[in-house]
Amino acid sequence: MDYQNRAGANKGSGGVAGASETAIDRRERLRKLALETIDLAKDPYILRTHLGTLECRLCLTLHVNEGSYLAHTQGKKHQTNLARRAARDNKEAGLTMAPAPSQPVARKKVFVKIGRPGYKIVKIREPISQRMGLLFTVSLPEIKAGERPRRRFMSAFEQRREIPNRALQYLVLAAEPYETIAFAIPAKEMVDEEEDSESVWEHWDSDEKVYSCQFLFK
């Protein structure tokens, strides 16, 4: 018989290895390579059971010895799971990334409050249109130098001191170092300052330290 062109080795040697033998040889070579290059003490996925076997916590597989576990770590299943875990960790890290440092927020001014100012409220009626309104006069003799009173209208649902009442709204006045005060007024529609500036009037007398505010209802 002519062995010259037969696949494999020379006459008398073993035949061509089958698929199973090739796989066994490949796993053995990977195991030896892994034993030389991998430190199991630093592997986060290895778990030694009470039976003396090894478990891969990433793939949930059991192995009888270190060689078997190392061969598994070089296999397709373990490498695929490693890639999936890395992709998931990168995604979570992106979602939990710390926000960029924002600009420092200016501190609120701190001052010692000296109580509530004195005030007077007068009902008024505009002589021509006969519209009703209110005139507020607030005395602020101890107001901070250079400070000017600030006021705004607030709905009953913005405040947190009383149960909201749809029939009321508030005129809020602030002037350091006095406590901020608020006047409850009827929740009627008032004249718009921008539409009719003559119907909403305010004045600050810096000499007498008296603030006056007048407005009319529609």
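Trainee: Ground rules before we start?
Mentor: Residues are numbered from 1 along each chain as its sequence is written, and side-chain values use heavy atoms, leaving out hydrogens and water. As the model is predicted, local features need pLDDT of at least 70 and side-chain atom pairs count only at pLDDT 80 or more, while totals for chains, interfaces and linings use all residues.

Trainee: In what order do the four strands of the open sheet come?
Mentor: The order is β4-β5-β10-β9, with antiparallel pairing. Strands here are DSSP runs (E, at least two residues; helices are H or I, at least four), numbered from the N terminus, and two of them pair if DSSP finds at least two bridges between them.

Trainee: Which strands stand at the edges?
Mentor: β4 (118-125) and β9 (200-205); each has a single partner strand, so one side of each lacks a neighbour in the sheet.

Trainee: How many bridges join β4 to β5?
Mentor: Eight, with β5 covering residues 132-139. Tyrosine 119 stands opposite valine 138 in β5. Their hairpin has six residues between the strands, and glutamine 130 takes a positive phi near 60° there.

Trainee: Switching topic, where does UniProt place the U1-type domain?
Mentor: The unreviewed entry puts that feature at residues 51-85; UniProt positions follow the numbering used here, feature names are shortened, and annotations may be inferred rather than shown by experiment. That stretch is 51% helix and 17% strand, with its end C-alpha atoms 28 Å apart.
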